[in-house]
Amino acid sequence: MSPESPEMRGWVLAGLTGLILCVPVSVYVIGSMLGAGVQFPLFRYQNTYMGTNVITIVRDLQYVLEGTISGRSALMPVFWAAGIFSGIAGLVSVAVGPRMHGLYSPRRGGICIMGAGLLYLVALIAQYGPTFSSSGGFAVPVGVPVIAAAGWLVWSGTLFPDAGETDECGPEKSQDNSS
């Protein structure tokens with residue numbers, strides 16, 4: 001398989017976009033230093049006066065559905081989960097697409113990844129407000145610019161400038177009628 005083949009480009013892009021699931025998206029402090037943590041796309045690690053916890057997004061959504069978390073705090077896991085789905089859709093768009101004719105779209109994948117970053121930002125605003133600071137604590141969205149930059153790199157084609165889109169089912173027909 002040639003390094004410039006669509007399949008190889010897809011796997012390289014998928015590896016790079018897969019890294020967005022490993023980037024710490026935000027660092028946060030709970031209340032008046034009652035605890036602190038780091039939030040990744042799929043889980044958060046937090047240390048409080050009650051101990052150290054790893055809380056997955058599934059557990060967060062379960063807390064919302066059970067009513068343990070309510071109000072503004074309940075919006076955060078919902079937007080966060082939407083960001084995860086958007087990021088995974090971008091990953092699938094650039095990884096699986098070359099193997100399935102007509103689905104490969106770095107532009108679509110890049111938009112999904114940038115959308116994931118935006119949804120993570122909206123989740124933080126829902127929890128802490130537009131200044132990322134409230135009586136419930138504060139957050140610093142350290143990974144959002146990284147995710148946005150990764151999405152832009154995929155969308156713009158900077159990594160593979162000559163790759164182009166393969167959304168068309170066949171070769172483009174010439175419209176030259178000069179004869």
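These legends go with a set of close-up views of a predicted model.

**View 1. The whole chain, to get your bearings.** This predicted model has five helices and six strands. Reading from the N terminus, the elements go α-β-β-β-β-α-α-α-β-β-α. Of the 179 residues, 38% count as buried. The protein exposes about 10000 Å², and carbon and sulfur atoms supply 67% of that area. Take the contacts between residues at least 6 apart in sequence: 57% of them join residues at least 24 apart.

View 2. Ser26 sits in strand β1, which covers residues 26–30. Is Ser26 buried or exposed? Ser26 is buried because its relative accessible area is 0%, and the cut-off for buried is under 20%. Leaving out residues up to four places away in sequence, Ser26 touches Gly37, Val38, Gln39, Trp80, Leu124, Val140, Pro141 and Val142.

**View 3. The hairpin of β2 and β3.** Here β2 (35–39) and β3 (43–48) form a hairpin, with three residues between them. The two strands pair in the antiparallel sense, over five bridges. For a handy landmark, look for Gly35, which stands opposite Thr48 in β3.

**View 4. On to β4 from β3.** Another hairpin joins β3 to β4, this time through two residues. How many bridges link β3 and β4? There are six, and the pairing is antiparallel. Tyr45 stands opposite Val54, a residue of β4.

**View 5. The two faces of β3.** In a regular strand, side chains alternate between the two faces of the sheet. On β3, the covered face holds Arg44, Gln46 and Thr48. Phe43, Tyr45 and Asn47 make up the uncovered face.

**View 6. The largest pocket.** Rolling a probe the size of a water molecule over the atoms shows where empty space is left. The largest pocket holds about 570 Å³ of space.

**View 7. What the pocket lining is made of.** Sorted by class, the lining of the largest pocket has 11 nonpolar, nine polar and two charged residues. Several elements each supply at least two lining residues, including strands β1 and β4 (51–56) and helices α2 (57–66), α3 (72–95) and α4 (106–128).

Technical notes: Residues are numbered from 1 along each chain as its sequence is written. This is a predicted model: local features need pLDDT of at least 70, side-chain atom pairs count only at pLDDT 80 or more; totals for chains, interfaces and linings use all residues. Side-chain values use heavy atoms; hydrogens and water are left out. Helices (H or I, at least four residues) and strands (E, at least two) are DSSP runs, numbered from the N terminus. Buried means under 20% relative accessible area, exposed over 50%, partly exposed in between (1.4 Å probe, protein chains only). Contact means heavy atoms within 4.5 Å. Accessible areas come from the Shrake-Rupley method with a 1.4 Å probe; for residues, only the protein chains shown count as cover. On a 1 Å grid over the protein atoms alone, a cavity is a set of points where a 1.4 Å probe fits but cannot get out, and a pocket is an open set with protein on both sides within 12 Å along at least five of seven lines; lining residues have an atom within 4 Å of a point. Grid points are joined across faces, edges and corners, and a volume is the space filled by probe spheres set on the points. Ala, Val, Leu, Ile, Met, Phe, Trp, Tyr, Cys and Pro count as nonpolar, Asp, Glu, Lys and Arg as charged, and the others, Gly among them, as polar. Two strands pair if DSSP finds at least two bridges between them.
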